[in-house]
Amino acid sequence: MSDDTVPTLESGVDENPPFKTWLCVLCGFIYSEKDGCPEDGIPAGTRWADVPEEWACPDCGATKAEFQMTEI
């Protein structure tokens, strides 16, 4: 196996971890990785790590840093 292969479940790494939700601590807006934020140009399935750092909460303008991961 070469170093550039994609990890699989057999190697103990989950390639498709469950989608998570992120909560804006200022206004309560919820960003769902499953749903994305299409009205802001972020397609469904976009992981939080892939949301641009300059993105802001569409409801209150809070920065990405002001969100916390939460289970719903």
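Cys37 counts as buried, at 1% relative accessibility (buried is under 20% relative accessible area, exposed over 50%, partly exposed in between, with a 1.4 Å probe and protein chains only). This is a predicted model, in which local features need pLDDT of at least 70 and side-chain atom pairs count only at pLDDT 80 or more, while totals for chains, interfaces and linings use all residues. Residues are numbered from 1 along each chain as its sequence is written, and side-chain values use heavy atoms, with hydrogens and water left out.

**Cysteines**

- The structure holds zero disulfides (a disulfide is a pair of cysteine sulfur atoms within 2.5 Å).
- Cys37 is in no disulfide, and the nearest cysteine sulfur, that of Cys57, is 8.5 Å away.
- For Cys24, the closest cysteine sulfur is in Cys60 at 3.7 Å, which is too far for a bond.
- Cys24 is buried, with a relative accessible area of 1%.
- Cys57 is placed in the loop between E2 and E3 and is buried at a relative accessible area of 4%.
- Not counting residues up to four places away in sequence, Cys57 touches Cys24, Cys27, Phe29, Ala62 and Phe67 (contact means heavy atoms within 4.5 Å).
- Cys57 and Phe67 are ten residues apart along the chain, and their C-alpha atoms are separated by 8.8 Å.

**Strands**

- Strand E1 (residues 21-24) and strand E2 (residues 30-32) run antiparallel and are joined by three bridges (strands pair if DSSP finds at least two bridges between them; strands are DSSP runs of E of at least two residues, and helices are runs of H or I of at least four, both numbered from the N terminus).
- Trp22 has Tyr31 in E2 as its bridge partner.
- E1 and E2 form a hairpin with five residues between them, and Gly28 in the turn has a positive phi of about 90°.
- E1 is also joined to strand E3 (residues 67-70) by four bridges, and these two run antiparallel.
- Opposite Leu23 stands Gln68 in E3.

**Aromatic rings**

- Eight aromatic pairs are found in a search of the whole structure (rings of Phe, Tyr and Trp, the last by its six-membered ring, pair if their centres lie within 6.5 Å; planes under 30 degrees apart count as stacked, over 60 as edge-to-face and the rest as tilted).
- Tyr31 and Trp48 form a tilted pair, because their ring centres are 5.3 Å apart and their planes are at 50°.
- This pair links distant parts of the chain, 17 residues apart: Tyr31 is in strand E2 and Trp48 in the loop between E2 and E3.
- Tyr31 is buried at a relative accessible area of 0%, and Trp48 is buried at 8% relative accessibility.
- Trp48 and Trp55 form an edge-to-face pair, because their planes are at 90°, with ring centres 5.9 Å apart.
- One aromatic cluster is formed by Trp22, Phe29, Tyr31, Trp48, Trp55 and Phe67.

**Lys64**

- Lys64 is found in the loop between E2 and E3 and counts as buried, at 6% relative accessibility.
- Lys64 lies over the face of Trp48, at 5.2 Å from the ring centre (a charge sits over a ring if NZ of Lys or CZ of Arg is within 6 Å of the ring centre and within 35 degrees of the ring normal).
- The side chain of Lys64 reaches the backbone oxygen of Val51 at 2.7 Å.
- The Lys64 side chain also makes a polar contact with the side chain of Glu53, at 3.2 Å (a polar contact is a pair of N or O atoms within 3.5 Å; within protein, one must be able to donate a hydrogen and the other to accept it, and residues adjacent in sequence count only if both atoms are side-chain atoms).
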